[in-house]
Every structure is written in structure tokens, then in C-alpha cells.
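Please look over the sequence and the model before reading on.

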Amino acid sequence: MFENDNDRNTISHNSHNSHNSHNYLRADCENCFGLCCVALPFAASADFAMDKDAGKPCTNLKSDYSCSIHKSLRQHGYKGCTVFDCFGAGQKVSNVTFEGINWRKDTDIAKKMFDVFPIMQQLHEMLWYLTEALTLKASRLIHSELHFALDKTEQLTKLRADSLIDLDIPLHRKEVNTLLLKTSELVRKESLLQYKSSINRRKIDHRGADLMGANLRGADLKGANLRGAYLIAADLQYADLRFADFIGADLRDADIRGADLTGSIFLTQVQINSAKGDASTKIPILLSRPTHWFE
């Protein structure tokens, strides 16, 4: 997975000190060449107003790489754009991998740039989860393993384009996921101990469950395992989701108005953006309340 032995040796166990927050994993569209608007395909649906092939610029992309309908995407049928988040991969590919050379000025590197972008997005998503895991007291027993995985993943993001394209992403994701599973177990175990006075506290395992449209209004789901669960259009109003594991859960159109997601883990901005919430929804401090919740 490394270009050579020198790459392996450059992994610094102190590199996380320069990235000890999620700030560098947030999208910075002003420092990106509109990669999500070009590299990724989408199909006409409830989320997008038209079809677009991978590598083809969206018709709404301006010459300065900004969006001509950014303030009214949903009204124009581009709901999917308001949900998407690249975890900071766009600016990384634009300014680090390709050193500021944009796809419009150098068509020879355009396809390579578009191929690298989704790979970088996956690596940055893993960095998001690992960084979060390191902020959790419950995971202190495996902090050294988490630090190593974070540093290794960060170094992979700095590889040259050809090396990034050749990466075995599924293998690396499997290695990272092993640690995230351990983290989840530790966090949810601690939550059970914390709420041991609650009636019939037990492990709630909905991993990969089909809960589409389920009526979970007011449900006690503290410390639940919701990894990969299908919660599309589920009614989670006023549900207690504290310390639940949301990694990979599909929250599209899930109603989380009034729900308490305090302390929930591995919840991303993409998932929050895709759900229906309001001012009374309690979300983790790392995430932002979407403006479209109030439209």
C-alpha cells in the first residue's frame, strides 16, 4: 500500500498532533476545483434534476468552480447536492495531489484527477472516523492502535496520483473498520453501565436491519448498534439515540425532529443533511444543523 520503504518509514506517530481536530476534514469549496460537480455521476431522480456522467461538468458549474444555483439547489431539484460532503477530499486533491493544476487547464490530468477524487474521499472519511474515535474516553485502551491507523491513513492521502489509484481501499477500510468496531463496543458498553439504573437496559443490535419507514417515535435506543441500518423515512421523532453507533446507517428522510443524538458515534454531516430535523434535534457538537431543516 506504500510506494516504497521510505513511505512506510515516514509515518510519524506525531502527525496527528497537526490534525487533532476535524477542521481539515471539512469541505472547503473555495479551494477546490469543483470536483464533486464534475467527477461524480448522478441520475435524474428525487435527488437530482437530470442525468450527469462521471467526468462531465454539471451545467450549473461556473468558470470559477462555484455553483450558479448554490443558494437554491433544493428548489431546482438538486437535493442530493445539499446532502453530499467530501470530508475535505476536494481541496486535498486539488492542492496537494495535483499541486494546484486544475482539470480545465490540463486535460491530460483531468481523468486521473476525477479517478483520484472518490478514492481520496474514502480515505478522508476514514480519517474522520479515526479522529472521532481518538476523542472518545471509552476508546483509551486502543488509542495507540487508533493513532497508528490515523497516521497510516494520512500518509496514504499524500501518495502520488498513480499510487492512490492503485491502492487496495477495501483492504485498508477493513483494517480501519476493525478498530472502529472495537471503539463502538467500548462506547456502547460504557453507555450501558452509565444507564444501568434504566429499566431492562440491554444491548440493542439493529446492525444492517431493515427499518425503512419504521415507527420508532420516542423509542429508547441508547447505545444501540445501528451500523448499516436502513432507516429511510423512519419516524425517530423524540427518540433517545444517545451513544448509538450510526456508521453507514441510511438516514435519508428519517424524521429526527426532537430526537436526542448526543454522544452518538460515527454520525456524519451527510447523514444529518439527509434527515429531517429541527431546532429541537440534539446533534453531536462536531456537526452543523442544516439550513434546509428550517425551510
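What follows is a walk through this predicted model, from overall form to local detail.

The model is predicted, so that local features need pLDDT of at least 70 and side-chain atom pairs count only at pLDDT 80 or more, while totals for chains, interfaces and linings use all residues. Residues are numbered from 1 along each chain as its sequence is written, and side-chain values use heavy atoms, with hydrogens and water left out.

The chain holds eight helices and zero strands, where helices (H or I, at least four residues) and strands (E, at least two) are DSSP runs numbered from the N terminus. Read from that end, the order of elements is α-α-α-α-α-α-α-α. The radius of gyration, taken over C-alpha atoms, is 20 Å, which agrees with the value near 19 Å that a compact globule of 295 residues would have; the globule rule is 2.2 Å times the number of residues to the power 0.38. Along the principal axes, the C-alpha atoms fill a box of roughly 65 × 50 × 30 Å.

Of the 295 residues, 51% are buried, a word that here means under 20% relative accessible area, with exposed meaning over 50% and partly exposed lying in between (1.4 Å probe, protein chains only). Among contacts (heavy atoms within 4.5 Å) with a separation of 6 or more, 47% join residues 24 or more positions apart. The chain exposes about 14,700 Å², of which carbon and sulfur atoms supply 51%; these areas come from the Shrake-Rupley method with a 1.4 Å probe.

Turning to the interior, a nonpolar core is a set of buried Ala, Val, Leu, Ile, Met, Phe, Trp, Tyr and Cys residues joined through side-chain atoms within 4.5 Å. The largest such core has 82 residues, and those with the most contacts inside it are Leu 35, Trp 103, Met 113, Leu 231, Leu 236 and Phe 246. At least two residues of this core come from each of H3, helix H4 (107-133), helix H5 (143-156), helix H6 (161-165) and helix H7 (169-194), and H4 gives the most, with 15 residues. Beyond four places in sequence, Trp 103 touches residues including Phe 33, Leu 35, Pro 57, Tyr 65, Met 113 and Phe 114. A second, separate core of six residues includes Phe 42, Phe 48, Cys 58 and Tyr 78.

Helix H3 is mostly covered, with seven of its nine residues buried, namely Ala 89, Gly 90, Gln 91, Lys 92, Val 93, Ser 94 and Thr 97. These buried residues pack against H4, H5 and H6. After H3 comes Glu 99, whose phi is positive, near 50°.

Two loop residues complete the tour. Phe 84 lies in the loop between helix H2 (79-83) and helix H3 (89-97), and Phe 84 counts as partly exposed because its relative accessible area is 30%. Not counting residues up to four places away in sequence, Phe 84 touches Cys 36, Leu 40, Phe 117, Gln 121 and Val 270. Asp 240, in the loop between H7 and helix H8 (269-274), is classed as buried because its relative accessible area is 14%. With the same exclusion of residues up to four places away, Asp 240 touches Ala 219, Asp 220, Leu 221, Lys 222 and Asp 260.
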